[in-house]
Amino acid sequence: MASPSDIAPCGINCTTCLAYQRQKNHCDGCKSFSARRHYCSVCKINKCSLLEKTENHLCYECHKFPCQRLKQLNKRYITKYNTSLIENLKAIKTQGMSLFLQSEKEKWTCKNCGLTLCVHREGCKCTKPVKGKHTENQVKVELTGSQAAQ
């Protein structure tokens, strides 16, 4: 399960990131001092001087929230991955980190095998790719279809 340190300043749940999930060239997350990914270590949002003035190093705590950089990143994540980073940050602000992490666990856990789904990929490693993040019903349909083909 993700912990507060797995939530990047921009609202990305690092545990759902492809770089975090892979074995080779593994990234420990945006807040990690050992972040090996070049783009994480030079990320303008992660390195923002205004974040240093916030308590939890999260963009929603900034007086410029949401800034232009965050809006651009959010637009890309909505378009490519159907995930709103700004909505993630708003949820943390209104619900608190604990409830947000609980909802993230439910949202990003494969209903079939229990693996953490990847925000950058469709479906799960245990099944064929499906449009969007799969649900329990989609997994049942896939399993029924593959069993019928046998």
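Which residues is Phe 100 in contact with, leaving aside its neighbours within four places in sequence? They are Ile 7, Asn 88, Ala 91, Ile 92 and Gln 95, where contact means heavy atoms within 4.5 Å.

The model is predicted: local features need pLDDT of at least 70, side-chain atom pairs count only at pLDDT 80 or more, and totals for chains, interfaces and linings use all residues. Residues are numbered from 1 along each chain as its sequence is written, and side-chain values use heavy atoms, with hydrogens and water left out.

**Core**

Phe 100 is found in helix 5. Helices here are DSSP runs (H or I, at least four residues), numbered from the N terminus. Phe 100 counts as buried because its relative accessibility is 2%. Buried means under 20% relative accessible area, exposed over 50%, and partly exposed in between (1.4 Å probe, protein chains only). Leu 89 lies 11 residues from Phe 100 in sequence, with 9.2 Å between their C-alpha atoms.

The largest nonpolar core has 29 residues, and Cys 10 and Ile 92 touch the most other members. Helix 3 (68–81), helix 4 (85–95) and helix 5 (97–108) each give two or more residues to this core. Helix 4 gives the most, with five. Such a core is a set of buried Ala, Val, Leu, Ile, Met, Phe, Trp, Tyr and Cys residues joined through side-chain atoms within 4.5 Å. Not counting residues up to four places away in sequence, Ile 92 touches Ile 7, Leu 58, Tyr 60, Met 97 and Phe 100.

**Helix 3**

The 14 residues of helix 3 should span 20 Å at 1.5 Å a residue, and the end C-alpha atoms are 19 Å apart, which agrees. The expected span is 1.5 Å times one less than the number of residues. Buried in helix 3 are Leu 70, Leu 73, Asn 74, Tyr 77 and Tyr 81. They cover an arc of only 105° around the axis, so they sit on the same side of helix 3. That arc is taken over directions from the helix axis to the C-beta atoms. Helix 4 is included in what covers these buried residues. The face turned away carries exposed Gln 68, Lys 75, Thr 79 and Lys 80. Asn 82 follows helix 3, with a positive phi near 55°.

**Salt bridge**

The count is one salt bridge, defined as a side-chain nitrogen of Lys or Arg within 4 Å of a carboxyl oxygen of Asp or Glu. Lys 90 pairs with Glu 87, their closest N and O atoms being 3.8 Å apart. The two are three residues apart in helix 4, so about one helical turn separates them.

| Residue | Relative accessibility | Class |
|---|---|---|
| Lys 90 | 40% | partly exposed |
| Glu 87 | 46% | partly exposed |
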